[in-house]
Protein chains: 2
Amino acid sequence: MHPSPRDTAVLTIDLDAITANYQLLATTTKGAECAAVVKADAYGLGVERVAPALAASGCKTFFVATIDEGIQLRSILPKPDIHVLNGIMLNTEDDFIAHNLIPVLNSLTQIEDWKRHCGRKEQVFPADIHFDTGMNRLGLTPNERFQLYEQPDLLTGMDIRLCLSHLACADVLDDPMNERQLTNFMEIRRMVPIGRECLANSSGIYLSPPYHLDMVRPGCALYGINPRPEISNPMAQAVHLQGKILQVRDVDSPMSVGYGASHKVMGKGKIATVAVGYADGYLRSLGGNSKVSIGDFKVPVVGRVSMDLITIDVTNVPENTAKPGAFVDVIGPHNPVDVVAKNAGTIGYEILTSLGNRYHRLYVGGKTKLP
Amino acid sequence: MHPSPRDTAVLTIDLDAITANYQLLATTTKGAECAAVVKADAYGLGVERVAPALAASGCKTFFVATIDEGIQLRSILPKPDIHVLNGIMLNTEDDFIAHNLIPVLNSLTQIEDWKRHCGRKEQVFPADIHFDTGMNRLGLTPNERFQLYEQPDLLTGMDIRLCLSHLACADVLDDPMNERQLTNFMEIRRMVPIGRECLANSSGIYLSPPYHLDMVRPGCALYGINPRPEISNPMAQAVHLQGKILQVRDVDSPMSVGYGASHKVMGKGKIATVAVGYADGYLRSLGGNSKVSIGDFKVPVVGRVSMDLITIDVTNVPENTAKPGAFVDVIGPHNPVDVVAKNAGTIGYEILTSLGNRYHRLYVGGKTKLP
């Protein structure tokens, strides 16, 4: 669907870029299965379109955070394995089974609950075990795993598919935490050798092949975020955000721009107002700290970011380029997600998941038929 | 609808608080009409529920940012005046008329376009004129208004409902910018005395009665944000965000928590993991900078905010209070929106508009019948 004259901002999501990224990651991790993390609505890019494109590209295993995300994904894709990272909560066991979802069991209590549930139903249902090796967020604690070593039959009566852990510092290539976590995980695997093993997120994939194990589960890299911050980004950009210029104003005497009168224009100049604001996920911290592109011109965002608008300095842009109705590249080839994130003082993930609902969303590429 | 066992986070929106805020603002501005700004999905709180509650409470005039927001609001409320702040864009004139929306004309070009459109249709359609008095964002520039003074018949053939301007620094009581903008706007009104006049946003209402004029248009104060940062908040809190504890972990040796191993637990302690993350609008900048409440206990958010999770230090909270399945108050009576915003280094508006889609949304209160 093409944008209508009413659209003030257009978010284009390149499904071919996402599947190309998937292919690159799968090739890089040859020998391991390459799964895909599509939690948080596929990092804000729309799981309804992203997941089928990945499935058509060969992805057979998906990870989500919440059970409701799992139920939604199951309604989109009937076949693949869907793992739910947040695990089971009281009285949700039947929902996992009804929708053919695999819970990641994060504690001994959850293991006991699932075992009890399998017993009640007299059926061996699949589940994963998450061992914490340094995040201290979710997963079995050291104490819990020692208990598990002593009572290995806690895991009987269920079908353990994966043993998981999660890297805390994988984006820093030489952080000693990475090797510590891998070594720790391998020790755990010697004690609990059932199921397949899965450790690496996007950055973990680029640490080294020993981290790949049986399965990798990239998220951010699929969506164009650089998993290797120390080198140039190997991933294709999947997001292009354009905002429409609503107005261009001539400034001919010293004056201030925006809330708090935070930006001063000292001489003659031109300010354009663009219909993208923090309600659209263009974070408020980008005010005065970021640039956007019009054609070949890169221009600064001046003044504070408003809820629905930004103001940009187009003094040096020709009048027939910076004019009402023209689109400005807010995130795109010249302003990759990672650069916008850096300017905002955050990471690309938060830029993606903050993208709002007010955009015209345009999906390009993507096979439509499952293999 | 009550939360289901599957819900990991619940966002309760108190429509009675919003309408009480509306009544307080309307009483404070007696003599002026009190409109309501419901752009950006009613500041993230859900225009489908918020706008009818406000209408039932007596609000007859609404402001939105984009024409699509106007069309959506018109489908919800057939009667009230709906003003579209971003104005007209090329080929959108018919949409305004089809949905009975009033464009805010922000430039001479837009005035000429609307006049031409009225002429073509041989009908006098309503519109507002926005004069810029210091934001330099939208609205007629000084040069443009001088042209308008010289050609007053530019405004014939259309039905001018409102003359508007927008305050840049209204949240700072004694900022000289406020009086400058009011004086400037009054000068403009002497030259263009048609239609009613509207200047004050929420903070503008609390500057002084001369700012109220014919109509005020509060936004943030309706939703519980303090319009008077220098005093205690006169507005009722409209938002209560609760996240479920997924897991509580005992820490018994020094270890790090979260991504980048950014938080160190030095001695014995307990960490709880809560199912709210930056994908839910709990901004990443809150990591290590904020508190949440469990019952009467206020506890710190430790480590980095993850996409789907936060970790909190519950060492001093009894075991039967901080347990899996218990809800934690993330935003609420003990953690008002403005405090969360301050901790995040932003303003309450951005906290509200960032609230994600993954919550169970619970609306309480609100008359259901229009008067």
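Some housekeeping. Because this is a prediction, local features need pLDDT of at least 70 and side-chain atom pairs count only at pLDDT 80 or more, while totals for chains, interfaces and linings use all residues. Residues are numbered from 1 along each chain as its sequence is written, and chains are lettered from A and ligands numbered from 1 in the order in which they are written.

Confidence next. pLDDT is the predictor's confidence in each residue, from 0 to 100. Chain A has a mean of 94, with 98% of its residues at 70 or more. For the complex, the predictor gives an ipTM of 0.94 and a pTM of 0.95.

Now chain A as a whole. Its C-alpha trace spans about 80 × 45 × 35 Å along the principal axes. There are 11 helices and 19 strands in chain A. Those are DSSP runs numbered from the N terminus: helices are H or I with at least four residues, strands are E with at least two. Of the 371 residues of chain A, 56% count as buried. Buried means that 20 or more other C-beta atoms lie within 10 Å of the residue's own; exposed means 12 or fewer; partly exposed is in between; and the C-beta atoms are placed from the backbone. Contacts require C-beta atoms, placed from the backbone, within 7 Å. Among chain A contacts with a separation of 6 or more, 66% join residues 24 or more positions apart.

Let me zoom in on helix H3 of chain A, residues 47-56. Its buried residues are A:Val47, A:Val50, A:Ala51, A:Ala53, A:Leu54 and A:Ala55. What do they pack against? Helices H1, H2 and H4, plus strands E3 and E4, of chain A. After H3(A) comes A:Gly58, with a positive phi near 110 degrees.

E4(A) leads us into the sheet. It pairs with E5(A), residues 81-84, in the parallel sense over 4 bridges. Pairing here takes at least two DSSP bridges between the strands. A:Phe63 stands opposite A:His83 in E5(A). E4(A), H4(A) and E5(A) make a right-handed β-α-β unit. Right-handed means that, with the strands pointing away from the viewer, the path from the first strand over the helix to the second runs clockwise.

Then another such unit. E5(A), helix H5(A) and E6(A) also make a right-handed β-α-β unit. E5(A) and E6(A) are parallel, over 2 bridges. There, A:Val84 faces A:Pro103 in E6(A).

One loop residue. A:Pro193 sits between helix H8 and strand E9 of chain A. Buried or exposed? A:Pro193 is exposed, because it has 9 C-beta neighbours inside 10 Å. Its C-alpha lies 8.5 Å from that of A:Cys163, 30 residues away along the chain.

Finally, the assembly. 59 residues of chain B contact 59 residues of chain A. On the chain B side, E11(B) gives the largest share, 6 residues. That side divides into 24 nonpolar, 23 polar and 12 charged residues. Nonpolar covers Ala, Val, Leu, Ile, Met, Phe, Trp, Tyr, Cys and Pro; charged covers Asp, Glu, Lys and Arg; the others, Gly among them, are polar.

How are the copies related? A rotation of 180 degrees, with 0.0 Å of shift along its axis, superposes chain B on chain A, RMSD 0.0 Å. That is the relation of a two-fold axis. B:Ser354 comes closest to the axis of the residues of chain B, at 3.5 Å by C-alpha. The copies meet through the same surface, because 100% of the interface residues of chain B are also interface residues in chain A.

Definitions and conventions. Two residues are in contact if their C-beta atoms, placed from the backbone, lie within 7 Å. Copies are superposed by least squares on the C-alpha atoms of residues with pLDDT of at least 70 in both.
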